[in-house]
Amino acid sequence: MSDAATPLFHGLFLDPQRASAREGWLHVKDGRIEALLDAPPAGGPPAVELDGWVIPGLIDAHVHLCLDGGTDPGARLRGETPTDTVVRALGHLRAHLRAGITTLRDLGGPDGFALDLARAVDDGRVAGPRVIASGRNITMTGGHAHATGIEADGPDAVRRAARSQLKAGAQVVKFMATGGVMTPGVRAGAEALTEAELRAGIEEAHKAGRRTAAHAQGLAGIKNALRAGIDTLEHGAFDGWDDEALARMTDPQRPVWLVPTLAAPDGILSGEGRVPAWAVAKTRPIAERHKANALEAFRAGARVAAGTDAGTPLNPHGGLARELELLAAIGLPLDAVLRAATSEAAAALDLEGEAGCLTAGARADLVVLGADPTRDVGAYRQVRAVVQAGRLLTD
Ligand SMILES: [Zn+2]
């Protein structure tokens, strides 16, 4: 008899840390991987066939569940009730899951919103990927995303803001180290929170055992975040790296991940005439350098995690496949693309050994693809089945 609590899956498993796929039998117990075996276990239950290439559940390291990925997500959010936003976000969670994303990191939204969604998924009250949420972003007065963020000036105020989000249950704390594209009137890449402010906030997160993320686009702000001890750098280098920034990005003693979010400018530029003109005008001059700088950091040895910035204009939830195609198009090898969306993203989110791998003890999250993703980046668009915590999802 096959026991729903201890299923056995048979298929072609592709461990992101290995060169090639191999046939295996994956034994699951209590929603976790018990073992990946080369032969069926004697006396085991009949195996559930997974027809295709089986990889760990995908991870999108940068989304905004409060934004709809339409032509003007900010206007939509401002024009609806908080209840509407929650109902809409339930659909976004399902879209991620259908696309094989079993873990995502929400990097900013209204007060409590993604933190409550994270708890609801955790408790099994709503369907969705595991959510690692930052709560509200911490930004300087008038800085990027100040409409939903906490405005804080001076190290003490930033420290207090970080503590407030940790108290609210944030699993990661997000800081605005520079201006950004999607806030009208704010110059993208302009230095924002100072090194001292960032250091105070990051210190609080690290004291609580939590990771930190910085929205960082211009070099001065990037270096402030790196010197202050940031864990993940979102977007990255519009005006190029320098030796100090690359040395810090590749320091094995102090790992930092770059989350390029190439899908964000790609979405904005695909919608000229439909998305707000100011967003297109701010994106066009930096889009090509953004790609070149992401590749330069990767080639220098920086660790890259995949994240879409889903929810921004024409950047729909569940669209990680597009980000992976863009990472491949700029020159990342396909095995590095796979790791960026699995093992590297897991490490960036402090989920090493828990997600993004096929090792014993990890949650049994799997995606079955219709092609080998280390040979064809289009494989991520061919999701045949999704397994979450050992359970084969039917929708
Ligand atoms: Zn973002």
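Helices (H or I, at least four residues) and strands (E, at least two) are taken here as DSSP runs, numbered from the N terminus. The model is a predicted one, so to speak of local features takes a pLDDT of at least 70 and side-chain atom pairs count only at pLDDT 80 or more, while totals for chains, interfaces and linings use all residues. Residue numbers start from 1 along each chain as its sequence is written.

Just past helix α11, Gly331 has a positive phi of about 125°. Within α11 itself (residues 320-330), the buried residues are Leu320, Ala321, Glu323, Leu324, Leu326 and Leu327; buried means that 20 or more other C-beta atoms, placed from the backbone, lie within 10 Å of a residue's own. Their cover includes β5 (58-63), β6 (101-106), α8 (263-269) and α12 (334-340).

Contact here means C-beta atoms, placed from the backbone, within 7 Å.

Ala341 is also among the residues with the most contacts inside the largest nonpolar core, which has 122 residues. Such a core is a set of buried Ala, Val, Leu, Ile, Met, Phe, Trp, Tyr and Cys residues joined through C-beta atoms within 7 Å. Helix α3 (residues 113-122) gives the largest share, six residues. At least three residues come from each of domain 1 (8-56 + 357-392) and domain 2 (58-348), with bounds from an automatic or database domain assignment.

Notes
A residue is buried if 20 or more other C-beta atoms lie within 10 Å of its own, exposed if 12 or fewer, and partly exposed in between; C-beta atoms are placed from the backbone. Two residues are in contact if their C-beta atoms, placed from the backbone, lie within 7 Å.
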